[in-house]
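Colleague: Could you take a close look at the aromatic pairs for me, and then follow the contacts outward from there? To begin with, how many aromatic pairs does the count come to?

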Amino acid sequence: MQLSDVEQHIVIVVYCSALIPLALIIALSFAKKISKHDLGLYIAGFLICALGWEIWFTYGLVDGQAVEARRSAALNAAIPQNINWLLNSLADAAICMIGLIVIKRLIGYKALQQWSWPAFVLLSVWFIGQNLYVELMVYHGQLHVDTQLSWAPLVPTGPWFNPVLFSIADRTATLQGQVSWLIMTPLFYGLILKTYRNIPAK
């Protein structure tokens with residue numbers, strides 16, 4: 001039971017994208033280099049993604065296949081099902097924080113306090129772009145058209161309406177694979193606006 005080269009890459013990406021940002025957030029928190037508002041957004045991002053789709057996808061709770069049924073025994077041993085949702089949700093929270101940082105740096109602080117179409121578009125491009133990379137490059141073996149993901153609160157179309165959006169070689173991007181981050185974009189941006197609305201710029 002040995003990991004293939006592709007599976008080794010998946011394991012490295014999954015653990016690094018979850019644990020490195022978490023370690024950084026913890027270190028910054030102890031050093032008081034991250035605001036309580038941004039820490040709150042990181043935690044909120046984690047909870048929304050975990051409860052919104054990651055737990056449902058991992059266990060196949062509603063008409064879906066559990067992640068163990070969608071990957072090899074070697075990969076299941078390297079990333080046990082019971083921590084799969086946790087690692088993915090931590091990585092999702094990091095993606096949310098990168099989106100926040102990108103808005104701060106490229107659009108400006110004002111876009112954190114009142115609606116900005118450039119900020120919203122930028123966040124959309126980041127969220128959807130990274131998710132397309134995940135579906136097409138990282139998890140394509142677990143998310144291809146022959147597998148079935150669970151319905152989830154932020155994936156209201158479920159497995160019942162899941163057209164292929166486009167294909168690249170033998171890799172497909174589907175509606176079910178993308179809709180969670182489509183919904184997450186206005187949800188997280190709204191959370192940013194609510195969090196920052198009354199915080200004075202530094």
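Modeller: The count comes to eleven aromatic pairs, where rings of Phe, Tyr and Trp (its six-membered ring) pair if their centres lie within 6.5 Å, with planes under 30 degrees apart called stacked, over 60 edge-to-face and the rest tilted. One of them joins Trp 117 and Phe 120: their ring centres are 5.7 Å apart and their planes stand at 90°, so this pair is edge-to-face. Helices here are DSSP runs of H or I with at least four residues, strands are runs of E with at least two, and both are numbered from the N terminus. Trp 117 is exposed, with a relative accessible area of 56%, whereas Phe 120 is buried at 17%; buried means under 20% relative accessible area, exposed over 50% and partly exposed in between, using a 1.4 Å probe and protein chains only.

Another pair is Phe 127 with Phe 188, whose ring centres lie 6.2 Å apart with planes at 50°, so it counts as tilted. Phe 127 sits in helix 5 and Phe 188 in helix 6 (residues 175–196), so this pair ties together parts 61 residues apart in sequence. Both of these Phe residues are buried. They also take part in a cluster, in which ring pairs link Trp 53, Phe 127, Trp 181 and Phe 188.

A word on how to read all this: the model is predicted, so local features need pLDDT of at least 70 and side-chain atom pairs count only at pLDDT 80 or more, while totals for chains, interfaces and linings use all residues. Residues are numbered from 1 along each chain as its sequence is written, and side-chain values use heavy atoms, leaving out hydrogens and water.

Now to the charged side chains. Side chains of opposite charge can pair when their charged atoms come close. There are two salt bridges, each being a side-chain nitrogen of Lys or Arg within 4 Å of a carboxyl oxygen of Asp or Glu. In one, the closest N and O atoms of Lys 104 and Asp 38 are 2.8 Å apart. Lys 104 lies in helix 4 (residues 81–107) and Asp 38 in helix 2 (residues 36–59), so the bridge ties together parts 66 residues apart in sequence. Lys 104 is partly exposed at 24% relative accessibility, and Asp 38 is buried at 10%. Helix 4 itself has 27 residues and reaches 39 Å from its first C-alpha to its last, close to the 39 Å expected, a span taken as 1.5 Å times one less than the number of residues. Gly 108 follows helix 4, with a positive phi near 120°.

The other salt bridge joins Arg 171 to Asp 170, with closest N and O atoms 4.0 Å apart. Arg 171 is partly exposed at 24%, and Asp 170 is exposed at 62%. Ser 167 stands opposite Thr 172 in strand 2. Two residues lie between the strands, and Ala 169 takes a positive phi near 55° in this hairpin.

Definitions and conventions. Two strands pair if DSSP finds at least two bridges between them.
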